[in-house]
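Subject: Structure handover

Hello,

Please find the structure below. My notes on it follow.

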Amino acid sequence: MDNRQKTRDLKKSEEISVGLDIGTWKVCAVVLSQSSESKVPTILGVGITERRRGKARHGRIDNIENTIEDIKEAIKNAVNQSNVDISSVNVGLMNKFVKFNESRGLVSISSQDKIITRSDVYRVLDDAKKIDLPSDYTIIHILPQEYIINNNVKDIINPVGMSGSKLEVEAKIVSALNIDIKNIGLCLEPNGLSIENIVLQPLGTGLAVLDEDEMELGVAVIDVGELHTEIGVFIDGLLKFASTIQVGGRYVTEDIRVLMNTVFSQAEEIKKEFGHCYLPSLHQDRQIMVSGTKTRKPLSFMRSQLCRIIQARMEEIFSFAVEELKSSKLMNKLGAGIVLTGGTMMIEGVEDLGTEVFGMPVRVGLPSDLNYGGLTQEVNKPYFSTAVGLALYGLKNSTTVEQSKNGMTSNKEKQNLFNKVIEFFKKI
Ligand SMILES: Nc1ncnc2c1ncn2[C@@H]1O[C@H](COP(=O)(O)OP(=O)(O)OP(=O)(O)O)[C@@H](O)[C@H]1O
Ligand SMILES: [Mg+2]
């Protein structure tokens with residue numbers, strides 16, 4: 001079919017953004033739109049495909065051909081549902097593939113009234129960007145941590161409108177290896193796609209499942225996927241810490257496979273259908289019979305037996321996350337507790353187990369919890385969080401037709417200035 005025939009008419013001020021999560025277990029594309037009339041983004045379409053054999057083992061793209069095919073399928077489904085032509089996408093990079101550098105920026109305020117403006121903030125962030133970076137790295141984010149005015153007024157989150165003659169910023173500079181960016185591009189190009197933004201994954205996931213109050217109060221988002229658990233800590237609306245742990249749902253399936261003496265695919269089905277991970281909240285134990293096939297023998301077990309297997313592994317995953325949070329020294333600043341997400345959080349009992357292991361309030365975060373319009377029911381599973389968050393990130397960093405026309409400082413110019421710095425919830 002001619003793509004142009006299918007493309008829906010976009011309003012002049014409507015922005016479209018696509019998040020593409022190239023995960024180890026699945027590839028998922030989410031199309032969002034935002035128009036100036038509506039305050040909330042609209043979900044227009046979703047495409048998801050389970051990874052083919054030879055799925056990535058380390059989170060890095062290690063099989064370009066399979067990845068190209070998986071992306072093709074996910075994008076095709078998202079295009080069909082949304083009727084939007086997709087030409088560029090926002091993609092994520094795991095924390096373990098990026099480098100963090102601490103940096104300081106400093107500018108003097110030259111205006112007569114010495115009132116700090118947005119443009120001063122952009123200048124100081126631009127100054128912070130000037131760090132010695134190996135030539136094989138590219139900056140993907142500048143994350144301001146605090147602003148300082150006249151050397152002594154510290155801990156400022158938003159200095160716009162304040163008075164001062166000298167503005168400093170302490171920022172984290174996030175950069176990625178050029179080769180990783182190139183390899184993502186190599187999987188996109190054959191699909192006629194280009195990279196809109198490369199996004200540190202916990203930043204995107206946080207956008208999808210955390211509300212602004214949680215981010216202000218202090219919260220950790222923990223995304224437990226197939227082979228990786230990504231942690232992001234937000235305090236005062238800013239990303240303060242990120243980390244990747246090499247554990248995820250595949251380890252749970254492997255334990256079931258080994259301990260129940262079955263094959264991987266059957267263990268995966270058992271996990272999804274009967275899995276529970278907290279014995280005290282498994283109120284009704286029962287016998288489960290799984291019929292056999294030519295290649296699989298029939299199985300019979302108590303649900304509590306399965307629960308014990310899963311609980312042991314999930315406890316370990318959560319304990320690793322606690323260790324990471326302790327190492328961040330931010331554990332006692334999580335006023336809003338923990339938000340769990342990622343496909344593995346589909347297992348029943350994760351909130352109860354999480355509350356016990358983390359010792360603080362825990363909830364499971366779904367992208368559909370926040371305020372969206374459109375096909376919200378399509379994304380009400382925790383494995384959609386990253387793709388939705390990447391698309392949201394794109395919306396926050398895109399240019400509308402109107403903005404460019406008005407000749408105001410367009411987001412595009414801002415992007416050039418900051419190399420796509422995130423403003424991140426703080427409307428400066
Ligand atoms: N209904 C379910 N019950 C239990 N686990 C599930 C369910 N559905 C999916 N999962 C598990 O979720 C995991 C995949 O989660 P997710 O899609 O977040 O991972 P990913 O982003 O592709 O991988 P990664 O982040 O590790 O690269 C798999 O281990 C899968 O078995
Ligand atoms: Mg993931």
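In helix H8 (residues 264-274), the buried residues are Gln266, Ala267, Glu268, Ile270 and Lys271. Buried means that 20 or more other C-beta atoms, placed from the backbone, lie within 10 Å of the residue's own. Helices (H or I, at least four residues) and strands (E, at least two) are DSSP runs numbered from the N terminus. The cover over these residues includes helix H7 (249-259), strand S13 (287-290) and helix H9 (303-328), a contact being two C-beta atoms, placed from the backbone, within 7 Å.

This is a predicted model, in which local features need pLDDT of at least 70 and side-chain atom pairs count only at pLDDT 80 or more, while totals for chains, interfaces and linings use all residues. Residues are numbered from 1 along each chain as its sequence is written, and chains are lettered from A and ligands numbered from 1 in the order in which they are written.

On the helix pair: the axes of H7 and H8 come within 8 Å and cross at roughly 115° (axes are lines fitted to C-alpha atoms over the stretch in contact, with angles from 0 to 180 degrees between N-to-C directions). H7 is therefore roughly perpendicular to H8, a term that covers 65 to 115 degrees. Val252, Thr253, Ile256 and Arg257 of H7 meet Phe264, Ala267, Glu268, Ile270 and Lys271 of H8.

On the ligand: of the 23 residues around ligand 1 (C-beta atom, placed from the backbone, within 6 Å), Gly23, Thr24, Gly225, Gly249 and Gly343 come nearest. H7 and H8 are the elements that give two or more residues to this shell.

Overall, the protein has 13 helices and 17 strands, and buried residues make up 43% of its 428 residues.

Regards

Terms used
Buried ≥ 20, exposed ≤ 12 C-beta atoms within 10 Å, placed from the backbone. Parallel < 35°, antiparallel > 145°, perpendicular 65-115°, else oblique.
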